[in-house]
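Hi everyone, thanks for making the time. I'd like to walk you through one structure today, so please have it up on your screens.

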Number of protein chains: 2
Amino acid sequence: MSLLVVGSMGLDTIETPFGRVEDVIGGTAIYCGVAASYFADVRLVGVVGEDFPQAEIAFLRSRNIDLEGLEIKAGESFRWGGKYHLDLNSRDTLFTHLNVFETFQPVIPEKYCDTPFVFLGNIGPDLQLDVLKQVRKPQFVALDTMNYWIERTPAALSRVLERIDVLLVNDSEARMLAREPNLVKAAKLIRKMGPRIIIIKKGEHGAVMVSDGTFFWAPAYPLENAFDPTGAGDTFAGGFMGYLAKMGKVDDDTLRQAVVYGSIFASFAVEKFSLDRIRDLHEEEIRQRFTEFQAMTRFIQPWV
Amino acid sequence: MSLLVVGSMGLDTIETPFGRVEDVIGGTAIYCGVAASYFADVRLVGVVGEDFPQAEIAFLRSRNIDLEGLEIKAGESFRWGGKYHLDLNSRDTLFTHLNVFETFQPVIPEKYCDTPFVFLGNIGPDLQLDVLKQVRKPQFVALDTMNYWIERTPAALSRVLERIDVLLVNDSEARMLAREPNLVKAAKLIRKMGPRIIIIKKGEHGAVMVSDGTFFWAPAYPLENAFDPTGAGDTFAGGFMGYLAKMGKVDDDTLRQAVVYGSIFASFAVEKFSLDRIRDLHEEEIRQRFTEFQAMTRFIQPWV
């Protein structure tokens, strides 16, 4: 089945302890869309400026991503610059130039309107709601948000939370949204706001999925050379939603596999700058890492 | 098989957001010994003052813990006071009175000297070495340490690291000991210092075991009512070492089960003040939690 991805697209300038790159492609829709393209037909909605490299648009097409929803607007693309600290767990934003993204108003092409799986990237909740008004009864909707919207537009966020199936947030966002320091309680409180499933992304500590009374813990892949964490969360969302769209079902077993694929794709993404590691993964590499995740979590019940 | 436990014993005064208790039993040897007593014959070496409650000594005996190595000395017991912050992840030490623990010099009774499993709690590395000189070729030695010894007595710590099988530390201690921010690299560097196995305890994020090229991730139990984290790490060590001593073997499958039991016992310990939750656990409760750990980590390979 197909997956609709709506979110930012732009050019990033990134400094890590290991190097620096300038104007490389990034943004939610790109990280998520490319990861999901390994599993499903991806339909992308976003905006870039006329300066966005043609070669990168060709790359997205080469991943079989449908770009009818990509708007190319007069002006410059969204640009973000960030510098990571030594342990890669924290970063400073050096600049944010919204440019053409400032007036982004997602328009869903008619042929996208029946897409069964929808990922609403981290944009204003009003825009996320607007997308949901344009699509016809999707089977499964995932949403990402952040502290900015939790603090500034709680009413709109609350309306969109009522209409989604899964919320993807990090641990501090979950605590802030629920106003509850205990993550287990926080997840339960957020479920009462609407989404049946909460996925809490914890970076190097892995991810936890909370659904009807059940918990699923997926580790993070133990990387010796984490290189650039930019886009890890969006890539997680892409692996997760792409796999669900491929399978066309959202039962517990499939959701757990999707979380593992999310963690696997995030681990690949952080191994190189930008999308460099996930431009052309081989099926064998992905399968190999899945097998490693099994080996890392396996244990045997001691009684019979 | 039996397990020798050497470490602090004393009386704690603990404040959490949920309440306050005064002069309750605590210390490494007590938390570890009591947890391990669910699996194996525990032999305890420690020191308390004459003020240590007789009822608590009777309690330790009721858990079948051998107290021939317990010294009751003229003077007051070790006392520690701490206050936890709202999220329970950080605390302030309010006071530390070493009292009779200040001159603790572990003397291993002759009948303990052939104990096959040994846990050296967090005391000075010179004292830990001294214990290893008194025991005869133990099968498996585990050691806990902390930033204080890593910074102040690196040479002695390095000598004891050469003689142990497993090191239990938290993530910041692992980074400090290896002088390496990446935990995967840090674990590998520490293995070169001696121990074949490193267990990194990450509190609410679970624990990771690193051995010959393999990783094992155990989650933390998702507690809605974490109450008092005091002793969680020592209780982890008790569940881990107690289970290994019970099984009398340290192959990969058994080590993984031992890590899960460590995490299970730590989760029980933090549910109430002091040792209150682990004084009298039923086998069914422990087994139930083991089953929940399996349910939390289970996922199916998607291909055949």
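Predicted model: local features only at pLDDT ≥ 70, side-chain atom pairs only at ≥ 80, totals over all residues.

Residues are numbered from 1 along each chain as its sequence is written, and chains are lettered from A and ligands numbered from 1 in the order in which they are written.

OK, the two copies. In general, two copies of a chain are related by a rotation about an axis and a shift along it. Here, chain B goes onto chain A with a rotation of 180 degrees and 0.0 Å of shift along the axis, at an RMSD of 0.0 Å. So the pair is related as by a two-fold rotation axis.

What does each chain bring to the contact? Chain B puts in 28 residues and chain A 29 residues, where contact means that the C-beta atoms, placed from the backbone, lie within 7 Å. On the chain B side, α7 (183–192), β13 (215–218), α9 (252–269) and α10 (283–297) each supply at least two residues. Helices here are DSSP runs of H or I with at least four residues, strands are runs of E with at least two, and both are numbered from the N terminus. By class, that side of chain B has 16 nonpolar, 6 polar and 6 charged residues. For the classes, Ala, Val, Leu, Ile, Met, Phe, Trp, Tyr, Cys and Pro are nonpolar, Asp, Glu, Lys and Arg are charged, and the others, Gly among them, are polar. And 96% of the interface residues of chain B are also interface residues in chain A, so the copies meet through the same surface.

Next, the sheet, in chain B to begin with. It's an open one, with 4 strands in the order β3-β2-β6-β7 and mixed pairing; strands pair if DSSP finds at least two bridges between them. At the edges of the chain B sheet stand β3 (19–26) and β7 (91–97), each with a single partner strand, so one side of each has no neighbour in the sheet. From one strand to the next, the twist averages 15 degrees; the axes are lines fitted to C-alpha atoms, for helices over the stretch in contact, and angles run from 0 to 180 degrees between N-to-C directions. Strand β2 (residues 10–16) of chain B runs antiparallel to β3(B), with 6 bridges joining them, and Gly10(B) sits opposite Gly26(B).

Over in chain A, look at β6 (residues 78–84) and β7(A): antiparallel, joined by 6 bridges. Trp80(A) is opposite Thr96(A), and Tyr84(A) is opposite Arg91(A). The two strands make a hairpin with 6 residues between them, and Leu88(A) in the turn has a positive phi of about 65 degrees. Of the 7 residues of β7(A), the number buried is 0, so that strand lies largely in the open. Buried means 20 or more other C-beta atoms within 10 Å of the residue's own, exposed means 12 or fewer, and partly exposed is in between, with C-beta atoms placed from the backbone.

In α3 (residues 125–134) of chain A, the buried residues are Pro125(A), Gln128(A) and Val131(A). They cover an arc of only 110 degrees around the axis, which puts them on the same side of α3(A); the arc is that of the directions from the helix axis to the C-beta atoms. Among the elements covering them are β1 (2–6), β8 (117–120) and α5 (154–161) of chain A.

In chain B, Thr235(B) belongs to helix α8 (residues 232–247). Buried or exposed? Thr235(B) counts as buried, with 29 C-beta neighbours inside 10 Å. Leaving aside neighbours within four places in sequence, its contacts include Tyr31(B), Cys32(B) and Phe265(B).

Last, some loop residues. Most residues other than glycine have a negative phi. Asn64(A), though not a glycine, has a positive phi of about 65 degrees. Asn64(A) lies in the loop between α2 (54–62) and β5 (66–73) of chain A, and is exposed, with 11 other C-beta atoms within 10 Å. Asn99(B), also not a glycine, has a positive phi of about 50 degrees. With 19 C-beta neighbours inside 10 Å, Asn99(B) counts as partly exposed.

That's my tour, thanks.

Definitions and conventions
Least-squares fit on C-alpha atoms with pLDDT ≥ 70 in both. Contact = placed C-beta atoms within 7 Å.
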